[in-house]
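I'm going to look up a few spots and jot down what I find.

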Amino acid sequence: MKKRIVLFVLLLCAALLAACGAPANSTSASEEDTTVRDAVPQTKIDFLGGWQSGDATMSVVPARSGGDCAVQIRSGSAEWSFNAAFHEETAELEYQNGSKFERSYAEDGSIAEEKQLRADCSGIFRLNNNGEIEWTDTQEDRASEHRFTRTYSETPAAEDLIENFYLPVSRIGQGSAGSSLKNAATACEIVAYAYDRGLWNANPAELQAALRTARDSLSDEARSAFDANYTAVTRLMTATLKSTESRIEFFEDAGVGEEMKALMQNDLARFSWATLFGNHMALSFG
């Protein structure tokens, strides 16, 4: 049962970003499961997350446009960026017209220097029988040397989730004066938190366990307030993922417009929110 829930969560996270459908309040778990499975094949889900091969790290998350998955590989000063399409017949990710850069970074994480080396990268990623991703690029000799193994971010503690997820939502006060601005400010705060904690690469089973512990630790009053406020936040976020421009005025009025624009242009930040949303929803099915 736990394995099914973990798979469901991964499917839900990817489908949320792929289709941006509103949270399903009127469908059963089995109906939702079928809908999401139809939208996102399990073999495609297997690619999502963080991977490592020696000194090379790779992130694979749902793409905003131009393909199914956004792939970034970093090895020393070299970086590759691809938008890859998933082929169900071969169960492979294929990319064309990808980019290779030579980059250095400042202490704050911003790019200090950048030189584009290629704009014609093409190749494929495939999963082998050991669950590793094998990378083949038509022009990169060293690509064939890399077999990436799955890695995970550190799971936030329950206390951390209470302080930065549950309590901020519980304090909104839905229906009170200025609640729509609080919805926007809180949504931005939580997306930034999820991205900062690397939830795009969380271990679903561990994250669900931490979320359940955190939720069970809330007082009845705080839990009730969270439930009353959370739906409005998720509806705003679902609409924002689908079209940031259509909802950006809410964030601008709340004083977080520029921050939210930057977060919504970041594939890892978008998937971090979707992962938090999906894993929290999965608590209802456990």
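This is a predicted model: local features need pLDDT of at least 70, side-chain atom pairs count only at pLDDT 80 or more; totals for chains, interfaces and linings use all residues.

**Entry 1: R197.** Next I checked where R197 is, and found it in the loop between α5 (179–196) and α6 (204–217). Its side chain makes a polar contact of 2.6 Å with the side chain of D196. Then I looked past the neighbours within four places in sequence, and R197 is in contact with S153, E154, P156, D160 and N164.

**Entry 2: R103.** Another arginine, this time in strand β5 (residues 92–105). Is R103 buried or exposed? I got 14% relative accessibility, so R103 counts as buried, the cut-off being under 20%. I then listed what R103 touches, not counting residues up to four places away in sequence: Q72, S77, E79, I111, E113 and E114. With E114 there is also a side-chain polar contact, at 2.7 Å.

**Entry 3: a helix pair.** I wanted to see how α8 (residues 244–253) and α9 (residues 257–264) meet. Their axes come within 8 Å and cross at roughly 145 degrees. The crossing of α8 past α9 is right-handed. On the α8 side I noted T244, I248, F251 and E252, and on the α9 side G257, M260, K261 and M264. Sorted by class, that contact has four nonpolar, two polar and two charged residues.

Definitions and conventions: Residues are numbered from 1 along each chain as its sequence is written. Side-chain values use heavy atoms; hydrogens and water are left out. Helices (H or I, at least four residues) and strands (E, at least two) are DSSP runs, numbered from the N terminus. Buried means under 20% relative accessible area, exposed over 50%, partly exposed in between (1.4 Å probe, protein chains only). A polar contact is a pair of N or O atoms within 3.5 Å; within protein, one must be able to donate a hydrogen and the other to accept it, and residues adjacent in sequence count only if both atoms are side-chain atoms. Contact means heavy atoms within 4.5 Å. Axes are lines fitted to C-alpha atoms, for helices over the stretch in contact, and angles run from 0 to 180 degrees between N-to-C directions. A crossing is left-handed if the near helix is turned anticlockwise from the far one by less than a right angle, and right-handed if clockwise. Ala, Val, Leu, Ile, Met, Phe, Trp, Tyr, Cys and Pro count as nonpolar, Asp, Glu, Lys and Arg as charged, and the others, Gly among them, as polar.
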